[in-house]
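Reader: Hi! I'm new to this one, could you walk me through it?
Author: Happy to, here it is.

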Amino acid sequence: MKNKVLYILIVGGIVLHSCKTPQATVQGDSVKSALPIHYQGDSAQSSKPSIVPWKQFFTDPHLVTLIDTALANNQDLRITLQQIAMAQSDVLYRSGRLLPTVIAGAGLGVNKPGRYTSEGAGNATTDIKPGKAMPDPLMDYNLGVQASWDANLWNKLGAEKRAAVEHYLATVEGRNDVLSSLISMVAGDYYQLLALDNKLDIVHTYIELQRRAVEIAKIQKIADADTELAVQKFEAELAKASSDEYTVKQEIIETENALNLLLGRYPESITRDKTMFLTSDLQRLSLGVPAQLLENRPDIRQAEHELAATKWNVEAARKEFFPSLNISAAIGLDAFNPTYLTKLPQSLAFSVVGGLTAPLINRTAIQANFKSADAQQIEALYQYDKTLLTAYAEVCNLMSKIDNLGKYFDLKKKESQTLDKSVEVARELYLNGRANYLDVLLDQRDALDARLELLEARQQQLSTMVEIYRSLGGGWQ
């Protein structure tokens, strides 16, 4: 009776000692609770953002083909898919740990104890049958099934599985974020290529203009209407324009190669149409409300799943302090002669063992693991807040940028049109003998410079439009 009481006290002490576990750090309010109702400076306050599928958002057939190629071949995307596969395997592994482990096997062994040992002496004086001594050496043949099961008293394995599921969902959202970023980068490089193509045409026109200026300056010098200084000035301008041509060509090559890298292929020429670059209409974008970022942006949803995973990791680490119950059982046939394996119930062997274990003295490693999981949970919360703040600020910045770029583009367009008219006026004055032809050339140069600035403004407009589409959560659908 005393032994039973002592056993109960010992087991009870282990359980009570193990139940004294640290608690996770109580997290403060996330910036999610203070998310503004509307974007800063957004007067429209539309209720639905522009998150149509990317094939509806991008209408250029060449660009659509490039994006399709990138989605099929991009290496970063393929790496992300493998990360998803690994996370999915981890979920299956955690699920499998909740089930009993059952194995089947067969064994063969031999045992030869010394004659002058207790076992050997006992075997020597024991008959297996009347008049038949115990075999020496003694063989052992067995065939059976073994099972073991962690009873998961405190649902620790369930917490680990939930953490694995949340991490898997985070990797899926990570893939969506890679998709969104990849599409925006492909579109950005494509629009940059179109701008460079148009810029190269203007540079070619500018070079031809400077050649004519040099010829006119030389003619005027011969006629004593100008000096060598004018000739050298225009020759220098010609050299500068010619060097700009190779600079632009190199930019085209580098942009094409960068785009090919996104497409997952070796460098080759990119098929494109530059003719509609300045005249194509911009997509009209609706911002929606900031709360919809939580549903639409994959990077925010990824951070949210990672935060949930760390919370379950903390729960699993805390339950490491609790006792664990492991049950193992085995049943099979065991005999020293294989012919006896079929003789039942004599050859039948089985065992059932249950064990309750808990950390009692040295719990430093468990405490360190819990503190690490708790710190990761707090870090994940800060990372989630940072992601949300960044997303909101990004939309506000891009919204302001696209608005200012629109006004900038309109003014540059007006400037370019005015300078084009100035060139026509200068030509009329020249034909009527009221202006020098070099004045006409200078006006043409100013008009071409304005066109370059107009091209750059349009390229920024298109790239910003793509970035707004991505920042609102579009591109992965």
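This is a predicted model: local features need pLDDT of at least 70, side-chain atom pairs count only at pLDDT 80 or more; totals for chains, interfaces and linings use all residues.

Reader: Thanks! At what angle do H6 and H9 pack?
Author: Helix H6 (residues 156–222) and helix H9 (residues 298–318) pack at about 165°, and their axes are 8 Å apart. That makes H6 roughly antiparallel to H9. As for the terms, helices (H or I, at least four residues) and strands (E, at least two) are DSSP runs numbered from the N terminus. Axes are lines fitted to C-alpha atoms, for helices over the stretch in contact, and angles run from 0 to 180 degrees between N-to-C directions. Angles under 35 degrees count as roughly parallel, over 145 as roughly antiparallel, 65 to 115 as roughly perpendicular and the rest as oblique.

Reader: Which residue classes make up the contact of H6 with H9?
Author: That contact of H6 with H9 has nine nonpolar, six polar and 10 charged residues. Here Ala, Val, Leu, Ile, Met, Phe, Trp, Tyr, Cys and Pro count as nonpolar, Asp, Glu, Lys and Arg as charged, and the others, Gly among them, as polar.

Reader: And how do H6 and H11 cross?
Author: The axes of H6 and H11 cross at roughly 180° and come within 9 Å. H6 and H11 are therefore roughly antiparallel to each other. Their contact, by class, has 17 nonpolar, 12 polar and seven charged residues.

Reader: What about H3 and H6?
Author: Helix H3 (residues 61–73) and H6 have axes that come within 10 Å and cross at roughly 140°. That makes H3 oblique to H6.

Reader: Switching topic: how many cavities of 30 Å³ or more are there?
Author: A search of the whole structure finds one. The largest cavity has a volume of about 30 Å³. On a 1 Å grid over the protein atoms alone, a cavity is a set of points where a 1.4 Å probe fits but cannot get out, while a pocket is an open set with protein on both sides within 12 Å along at least five of seven lines; lining residues have an atom within 4 Å of a point. Grid points are joined across faces, edges and corners, and a volume is the space filled by probe spheres set on the points.

Reader: Which residues line the largest cavity?
Author: Asp177, Ser180, Arg297, Pro298, Asp299, Arg470 and Gly473 line the largest cavity. By class, that lining has one nonpolar, two polar and four charged residues. H6 and H9 each supply at least two residues of the lining.

Reader: Now the second largest pocket, which residues are closest to its centre?
Author: The second largest pocket holds about 350 Å³ of space. Of its 15 lining residues, Thr59, Asp60, Tyr191, Met276 and Ser280 are the closest to the centre. H6 and H11 are the elements that give two or more residues to the lining, and H6 has the largest share, with three residues. The lining divides into nine nonpolar, three polar and three charged residues.

Conventions: Residues are numbered from 1 along each chain as its sequence is written. Side-chain values use heavy atoms; hydrogens and water are left out.
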